[in-house]
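Please consider the following points alongside the sequence and the model.

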Amino acid sequence: MIAFAELAATTHFSFLRGASSPADMVTTAIALGHAGIGIADRNTVAGVVRAHVALRQAVEDQGPMRFKLAVGARLVFADDTPDIIAYPATRRGWGRLCRLLTTGNRRAEKGDCILHFADLLDHQDDLLLILMPPVTGAVPRLAELAAAVPGRLWLAAAMPRGGRDRRRLLALDALAAAAKVPLIAVNAPLYATPRQRRLHDILTCIAEKTTIAAAGKRLEANAERHLKAAAEMARLFTGFPEALAQSTRILERIAFSLDELRYEYPHEPIPAGHSPQAWLEILTLQKARERWPGGIPEKIQALLRDEFRIIVEALK
């Protein structure tokens with residue numbers, strides 16, 4: 001059995017770009033027998049929770065399964081840097097990715113994100129990166145990024161059935177070899193199934209402020225931008241089995257899951273010799289005396305005693 005995971009999936013959280021929900025992407029990948037899926041929307045992680053919930057529901061309905069969800073983002077830059085998909089390998093990596101996106105969001109109006117290549121270099125710790133090359137020509141930043149993140153960069157290759165696929169695949173393979181980075185096979189789906197191609201065309205027209213009749217080459221050339229079975233991907237990448245194998249190798253290196261995220265109350269500094277409860281009561285009574293310098297009213301004292309008791313009981 002061929003093992004494959006699509007690690008360049010776009011959902012409708014990439015506004016007017018993706019045509020399927022994160023849940024549809026997850027359930028379709030499971031139905032196709034994928035080893036996993038990577039959800040990577042444009043400069044956002046907003047959709048990954050929906051994907052996580054969908055996987056949980058699938059496990060509840062179908063039982064335990066060997067399917068892994070990778071959560072990340074497709075970084076779109078304001079300079080000449082090609083799109084780069086970033087997946088956190090660890091919880092620290094998740095923090096770095098979130099800080100990177102926050103940096104871009106703070107520079108822009110609401111709904112936009114302005115990122116530069118230098119921002120990625122500043123936040124690249126524990127991130128696994130897939131560089132998405134231009135349709136033709138050279139791949140900017142490939143050698144520079146390969147040197148900056150040794151062992152954590154892949155070059156993506158797709159076979160969109162555009163007429164020059166094989167020639168482009170050979171060119172990308174040569175570029176990857178020169179930069180000493182692995183080539184990874186992707187289909188970069190914009191929707192889950194071929195039936196949703198029409199919906200994607202409509203979204204494209206909305207984005208381009210045009211009509212189906214007038215859109216022309218602004219529409220995708222065919223209905224191939226959907227999730228594909230591993231066997232079909234293997235057929236498209238005949239002669240490049242290693243490119244397919246890299247998808248599961250990336251999954252194996254990802255130890256992070258959204259299950260790790262829990263609310264953590266900030267750690268407060270407690271002076272030596274005091275318990276957290278005792279120090280809370282000292283600070284509270286100190287402020288109460290400032291509020292009522294002539295003496296804390298009995299009603300307030302009783303209220304504070306009740307509140308302290310509730311906190312003690314809640315922590316038992």
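1. Helices (H or I, at least four residues) and strands (E, at least two) are DSSP runs, numbered from the N terminus. On that basis, Phe13 falls in the loop that runs between β1 (5-9) and α1 (22-31).

2. The model is predicted: local features need pLDDT of at least 70, side-chain atom pairs count only at pLDDT 80 or more, and totals for chains, interfaces and linings use all residues. Residues are numbered from 1 along each chain as its sequence is written, and side-chain values use heavy atoms, with hydrogens and water left out.

3. Phe13 is partly exposed, at 26% relative accessibility (buried is under 20% relative accessible area, exposed over 50%, partly exposed in between; 1.4 Å probe, protein chains only). Leaving aside residues up to four places away in sequence, Phe13 has contacts (heavy atoms within 4.5 Å) with Pro22, Asp41, Thr44, Ala46, Gly47 and Arg50. Its C-alpha lies 8.5 Å from that of Val45, 32 residues away in sequence.

4. One aromatic pair is found in a search of the whole structure. The ring centres of Trp94 and Phe256 are 5.3 Å apart and the planes meet at 20 degrees, so the pair is stacked (rings of Phe, Tyr and Trp, the latter by its six-membered ring, pair with centres within 6.5 Å; planes under 30 degrees apart are stacked, over 60 edge-to-face, the rest tilted). Trp94 belongs to helix α3 (residues 91-107), whereas Phe256 sits 162 residues away in the loop between α10 (241-253) and α11 (276-291). Trp94 is buried at 12% relative accessible area, as is Phe256 at 3%.

5. The buried residues of α10 include Leu244, Ile250 and Leu251, and also Gln246, Ser247 and Thr248.
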